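Please examine the sequence and the three-dimensional structure shown below. The paragraphs that follow lead from single residues to the chain as a whole.

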Amino acid sequence: MDKFTNSAWFMRIVAFALAALLFISINFEMESDKKSLGLSTAPEISTETIENVPVEVYYDRENLVVSGVPETVDVTLKGAKSLLINAKNQRDFKVYVDLSDPAISMGDRTVTFKISELNEKLVATIDPEYAEVNVQERVTKEFSVEAEYNSSLLEEGYTAGQPTVSPKTVKITGAKDAIEQISYVKANLEISKGLNETVNSKATVKALDRDLNKLDVTIEPSSVAVSLKVSIPSKTVSIEPKQTGKAKDGIRITSISVDPKEVTLFGSETSLEKIDEINLPVNISKIDGDTELELDLNKPDSVQKMSLGKAQVKIRTEKVDVDEENAEPVVEEEEPETEQKQEEQVVEEKPEPEEEDEAAAIESKTFNDIQIVPVGIRDDQDAELESDVTSITLLGEADDLKKITKDDINLTVDVSNLDEGTHDVDLAVTVPEGVEWELDSKTVSVTITQKDEET
């Protein structure tokens, strides 16, 4: 045994074994280090699909319009997993269609998608592979804008005028064939149900073909200002006091007057045509003497609103003897007429010559500082009169003029249908019957302003 271990061959075998073990150990450690550092000599191959990748289109945007190119595509990448992860997270590559050749012809064509700035060690597949596109000459044309709205959304009784647009025209740019298909350019005003006031708002402009399909074009400006004047018909009618109940014993009603004498009604034209006056019931059963009352005016059901809701009533009375009031007229018995009495009666009944009545003299009476009352002011507006008082001259018989006071004269100006700005409006005059009137000016200057919106 000692002879074998001391032989040269034994030493050679042992040295060879040690060398083999050392080689195996070193290689094992190197492979472990490479894997830990990602330096494996056989990288893992994988695939990854990236969806909704934007597509860029290169073409002459000043002179051409290109349609038919999808906004996004799906890209499938194949390669080392580490590279795929980086490409998916960074998305530093581009998908594009190149139509930048100046000699490109108009019309339909098939183009393939291309990819750039992608790691060369990755392989890309694009879905879809190509697109059917249309190339047209770029055209700009000016069109008039027509505003529209849903009239059924107006509150009952209200009417609206023709909406106005600013600016009245827009410039529309697009493919030549798309521009040629434009039949309508509309700005639809969005309103809510129950509209009862003027609207000033913005509306988006749309270009439509004859079948009202929206066209793919560029509109400048894309929205316009639309104004829609909303108003309600009005009518001024008299307020007629109507006596109800029975006066107390010993009280006689001599007159009932109302102030103001007129009220303005607002509603549909058909409803207003049927109304000529507003009755104001006045119960006299509790009246003890001259009285002034403030009574509510009853609004007819067919009327939307009235310019005022109350009126002042003046009641004038006199006291009478109860027995005299209730006494029956005494009828005396007629004595038989003698022939002599009959002759006397005939003589007495001879008509005397009638004296011609002298024509009653016409006189005048001037009242100064009569208040002018604006009626029909909308909730969203203010009305300012250049002068809210004026003078009026009444013409009539002296006896009639003596009875008239300032309270019997009513001057109003109807502002219900006025827009913003300054207007000359006719005065409405109400005076007692039997007299004429004269004014220095039959109109008054009224300035309408919009109320500031509360913030």
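Where is the place of arginine 91? Arginine 91 has its place in the loop between α3 (81-90) and β4 (94-98). Here helices (H or I, at least four residues) and strands (E, at least two) are DSSP runs, numbered from the N terminus. The model is predicted, so that local features need pLDDT of at least 70 and side-chain atom pairs count only at pLDDT 80 or more, while totals for chains, interfaces and linings use all residues. Residues are numbered from 1 along each chain as its sequence is written, and side-chain values use heavy atoms, with hydrogens and water left out.

Arginine 91 also illustrates a point of backbone geometry. Most residues other than glycine have a negative phi, and most peptide bonds are trans. Arginine 91 is not a glycine, yet its phi is positive, at about 50 degrees. With a relative accessible area of 39%, arginine 91 is partly exposed; buried means under 20% relative accessible area, exposed over 50%, and partly exposed in between (1.4 Å probe, protein chains only). Asparagine 52, another residue other than glycine, has a positive phi near 55 degrees. Asparagine 52 is found in strand β1 (residues 45-58).

Serine 166 and proline 167 are joined by a cis peptide bond, with omega about 0 degrees. Proline 167 is found in the loop between β11 (164-166) and β12. From aspartate 259 to proline 260 the peptide bond is likewise cis, with omega near -5 degrees, and proline 260 lies in the loop between β19 (251-259) and β20 (262-266).

Lysine 310 is found in strand β24 (residues 310-319) and is 13 residues from leucine 297 in sequence, while their C-alpha atoms are 5.3 Å apart. Leaving aside neighbours within four places in sequence, lysine 310 is in contact (heavy atoms within 4.5 Å) with Glu294, Leu295, Asp296 and Leu297. The side chains of lysine 310 and aspartate 296 are joined by a polar contact of 2.4 Å. A polar contact is a pair of N or O atoms within 3.5 Å; within protein, one must be able to donate a hydrogen and the other to accept it, and residues adjacent in sequence count only if both atoms are side-chain atoms. Lysine 310 counts as partly exposed because its relative accessible area is 41%.

Aspartate 388 lies in the loop between β26 and β27 (389-397). Its C-alpha atom is separated by 5.0 Å from that of isoleucine 372, 16 residues away along the chain. Residues up to four places away in sequence not being counted, aspartate 388 touches Ile370, Gln371 and Ile372. A polar contact of 3.4 Å joins its side chain to that of glutamine 371.

Which residues does glutamine 381 touch, not counting residues up to four places away in sequence? They are Leu418, Ile448, Thr449, Gln450 and Lys451. Glutamine 381 has its place in strand β26 (residues 381-385), and its relative accessible area of 4% is why glutamine 381 counts as buried. Serine 445, in strand β32 (residues 443-450), also counts as buried, at 14% relative accessibility. Apart from neighbours within four places in sequence, its contacts are Glu384, Leu385, Glu386, Thr422, His423 and Asp424. Lysine 274, by contrast, counts as exposed because its relative accessibility is 72%; lysine 274 lies in the loop between α5 (269-273) and β21 (277-283).

The chain can now be considered as a whole. The chain has eight helices and 32 strands. Of its 455 residues, buried residues make up 30%. Among contacts between residues at least 6 apart in sequence, 70% join residues at least 24 apart.
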